[in-house]
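Please walk through this structure step by step, from its charged pairs to its helices and its surface.

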Amino acid sequence: MLHTPVQLVAVIHHKLACQPPLNRTRRRRRRRSRCDIIHSMATFSFTRCLVRSYFCVKCVDHVQTRLQTTASRSTQFTDTEVQDILTKITGLDLKKVFQPIRQQLTPPKYKLMTDTELEEAVRKAEEQAKHLLKMPPVLPERKPVNDVLSEDQMLEGMGTAKYVFTDINFNVPHRERFIVVREPSGTLRKATWNERDRIIQVYFPKEGRKITPPPIFKEENLRVVFEQDRHEDVLNQCVVQFEPDSAEFKNVLMLTYEDIEKHGKYDLLRSTRFFGGLAWHLVNGRRIDGLLVDMLQSDLMQDAVRLVRLFNLVHPQSESAQHAQRQQATDLDLLKIYAQYESNRAGFIELAVQTYEQTKALSSF
Amino acid sequence: MAASLQRIGIVICRTFPVILQRNIQAQRIRDWKTSAPVLRLNFRALSSSSSSSSSADDTDSTEVLSRYSDRPWEYLESEEYIERYGSKPVWSNYRRNHKGGVPPQKTRKTCIRGDKICGNPCPICRDPNIIVHYKNVNLLQQFISPQTGIVHDPIRTGVCMKQQKLLNKAIETARDCGLLFAQLPHVDYSKEDYSNTHGAVAPTPAPFSLSSGELWYPWYGSIKPDERELARVKRIYKDYLKPDV
C-alpha cells in the first residue's frame, strides 16, 4: 500500500520531465524556468491530492471489503435493513426532538402560513429531526497502540518527565495525527489512546469535552442520576466526552442500557438518537422480551413486528428465525412464532396479539 | 472669636487625623460587636430552640459553625428557611445600597473580612446557615435561570464577588457530577472515519524492501538514453569511469 502512491508520483513526474527541449534564448529560459517551478509545484500538490484521495479510497475499499467479509457471516449495525428497522422503531415525536434547549433566548417569531406552507415547514422539521436522530455508531473496541519507534539508551537519565510531541497541523484528521512520547528511559513510542484523546483535547478543544472524564461516569454518581430518570443526559454527556470506539464509551452505554432494561424505562429513550443502540444491544443479548412487552402495552404492533424481524436477522440460527423462514411468516405470525419458541413471556405476547386481532376484526365490521 | 475657634479646630484636625480615624474605627467595631451578635442571636433564636444553648456560648468569638455545615441541603427543607424565604429565592428581598439609579457594575469584593461583617451583607453572607456546596442543588438552582441555564449576574442577585466565585465553582462541580442539568452540543458522526488503519494509530507497516532483480521505479529498465548524449558524457568523463563501462 505504501509503494503505490510513490510510484504514482514518480510516473507523473517522469511524464512532466519528458517535455520538448527549452528554447536557447536567455529571457525565455528564465520565464520558462519560473513557469516550470509553478507548474511543477501545482502538479506536485495535484499529485499529493490524488495520492491522498487514492490512499483514502484504498483505505475505504480495504475497510469495505473487510466489513463485507464479516457481513456475509453475520448482520452488522451498519446494514441498511438493520438501520431502517431501528429508525422506524425509534419513532419521530417532533415535540420531544425539538424540546426547547437551554440557550440565550430571542424574542419569538410569528409567521402566517397557508396549509401548504405549513406542510412544507413540518416536512422540513421532520428532515431536521431525522438528522438529529442519527444514531451514534456501534464500533468494535479500538485495539491498543503499543508501537515503539526507537530505543535510545543514551538519553536515559536526562530528565524525569515524559515529552509528548504532537503534530498540530490543522488539516490533518485526528485519527491520522502523529503523537509520540519520549519516556525518561529513552524509548520513543506512539501515544496510547487515552493520551491521544487528552492531547488532542488540549490542542483542538471540542465544545463540552473535558480533558479528564467528569465524575458523573463513576458508579455512585451514575446510580443517583439513573434514580432521577435522566438517562438521556448521561448518554449525551458520554457521547460528547468519549470516542465511540473507546472502552469507557461502551461501558457507560452498557450500564445505561442495563439500568433501563432492569426498570423497564424504555419510554425515556424513545424518539431519541439512543433508542437504536438500546434495541441493538438487547437484540444481541437475546433479551427483547421486556421491550416487546412494553411495545405491546403501548399498542405499537408494527414496531413489535419489526423488532422480531430484527431478532431473526441477527440470529438466523435461532428457532424462531428458522420457523419463520420455513413458514415465510409475516407480521403477527412472526410474533406468534417468537412467543412460541424463544420468549420467556409467551403468555402475555400471545394474549396481546389475540386482543389486537380481535379489535382489528371488530373495527373492520 | 469664632474665627480663632475655627482655626483651632482646623489645626486639631490637621495634627491629629490618625487619632480621629482610630476613634471612628473603634466606634464602628464597638457598634458591630454589639449589633452583629444580636443579629446572629436573632437568627439562631429563629432557627431552633434546642441548639440555643450551644449558640449562647459563642456570641463573641469568631465565625460559628452552622448546625447545617455537614449537610447544608437540609436547611432548605427546615421550618426557619420556609418561614424566612417561603418559596422565593434567597436573593429576592435583598436590595443593594448605592448612590443613584444605576448600581456599580460589580458588587463588593466580600462581605466578611476576618471577624468583621459589613453593613447590609449579601443574601448568602447574611444567613450563616446558607452554605454554598455542590450537593446543595436546590440552593444552586435559585441562582440559575430556568429558561436559559445561565448563572445570574451578581448585580441581579446582590451576592458579593467572593460568594459568586464559590457559586460558580459549585455549579460547575454539580454539573460535572450530574446533579444539575448541563446543556451539551449535538455531536455529528457523519464526517469521521473510524477504520483506524493509518500509521499514526495502527502498528507501523514493515519497511518496503526490494526483492532481487526488482527496480525501485518500474520505468528504470524501460527508458533508453539518447545514444549520442551517452557517448558525449562517456567521452567527457572518460578518465573517471571504470575500465569495463
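**Salt bridges, helices and a surface patch**

Over all chains, the structure holds 27 salt bridges. The model is a predicted one.

Take A:Asp152 and A:Arg182, which form a salt bridge with their closest N and O atoms 2.8 Å apart. This pair links distant parts of the chain, as the two residues are 30 residues apart. A:Asp152 sits in the loop between β1 (148–151) and β2 (163–166) of chain A, while A:Arg182 belongs to strand β3 (residues 179–182) of chain A. With a relative accessible area of 24%, A:Asp152 is partly exposed, because the range for that class runs between 20% and 50%.

Another salt bridge joins A:Glu183 to A:Arg189, and here the closest N and O atoms are 2.5 Å apart. Are these two residues buried or exposed? A:Glu183 is buried, at a relative accessible area of 19%. A:Arg189 is also buried, at 16%. Both values count as buried because the cut-off is under 20%.

Salt bridges can also be joined up. In chain A, a network of them links A:Arg142, A:Arg175, A:Asp197, A:Arg209, A:Glu243 and A:Asp245.

Now turn to helix α12 of chain A, which covers residues 301–314. A:Asp303 counts as buried, with 9% relative accessibility. A:Asn312 lies in helix α12 of chain A too, and at 13% relative accessibility A:Asn312 counts as buried. The C-alpha atom of A:Asn312 is separated by 22 Å from that of A:Arg270, and the two residues are 42 residues apart along the chain.

How does this helix sit against helix α3 of chain A (residues 80–90)? The two pack at an angle of about 155°, and their axes are 10 Å apart. An angle over 145 degrees counts as roughly antiparallel, so α3(A) and α12(A) are roughly antiparallel to each other. Their crossing is left-handed.

The loops around the helices of chain A hold two residues with a backbone feature to note. A:Asp299 is found in the loop between α11 (289–297) and α12 of chain A. A:Asp299 is not a glycine, yet has a positive phi of about 60°. With a relative accessible area of 64%, A:Asp299 is exposed. A:Asp331, in the loop between α13 (319–327) and α14 (332–341) of chain A, has a positive phi of about 50° and is not a glycine either. A:Asp331 counts as partly exposed, at 41% relative accessibility.

Chain B comes next. Its secondary structure comes to eight helices and two strands. Along the sequence, these follow the pattern α-α-α-α-β-β-α-α-α-α. Of the 245 residues in chain B, 30% are buried.

On the surface of chain B, a nonpolar patch is formed by B:Phe208, B:Leu210, B:Leu215, B:Trp216 and B:Tyr220. Together these residues have about 490 Å² of accessible area. Where does B:Tyr220 lie? B:Tyr220 is placed in the loop between α7 (161–177) and α8 (227–236) of chain B. With 45% relative accessibility, B:Tyr220 counts as partly exposed.

Notes
Residues are numbered from 1 along each chain as its sequence is written. Chains are lettered from A and ligands numbered from 1 in the order in which they are written. This is a predicted model: local features need pLDDT of at least 70, side-chain atom pairs count only at pLDDT 80 or more; totals for chains, interfaces and linings use all residues. Side-chain values use heavy atoms; hydrogens and water are left out. Patches are made of residues with over 30% relative accessible area and no salt bridge: like charges are joined within 9 Å, nonpolar side chains (Val, Leu, Ile, Met, Phe, Trp, Tyr) within 5 Å. Accessible areas come from the Shrake-Rupley method with a 1.4 Å probe; for residues, only the protein chains shown count as cover. A salt bridge is a side-chain nitrogen of Lys or Arg within 4 Å of a carboxyl oxygen of Asp or Glu. Helices (H or I, at least four residues) and strands (E, at least two) are DSSP runs, numbered from the N terminus. Buried means under 20% relative accessible area, exposed over 50%, partly exposed in between (1.4 Å probe, protein chains only). Axes are lines fitted to C-alpha atoms, for helices over the stretch in contact, and angles run from 0 to 180 degrees between N-to-C directions. Angles under 35 degrees count as roughly parallel, over 145 as roughly antiparallel, 65 to 115 as roughly perpendicular and the rest as oblique. A crossing is left-handed if the near helix is turned anticlockwise from the far one by less than a right angle, and right-handed if clockwise.
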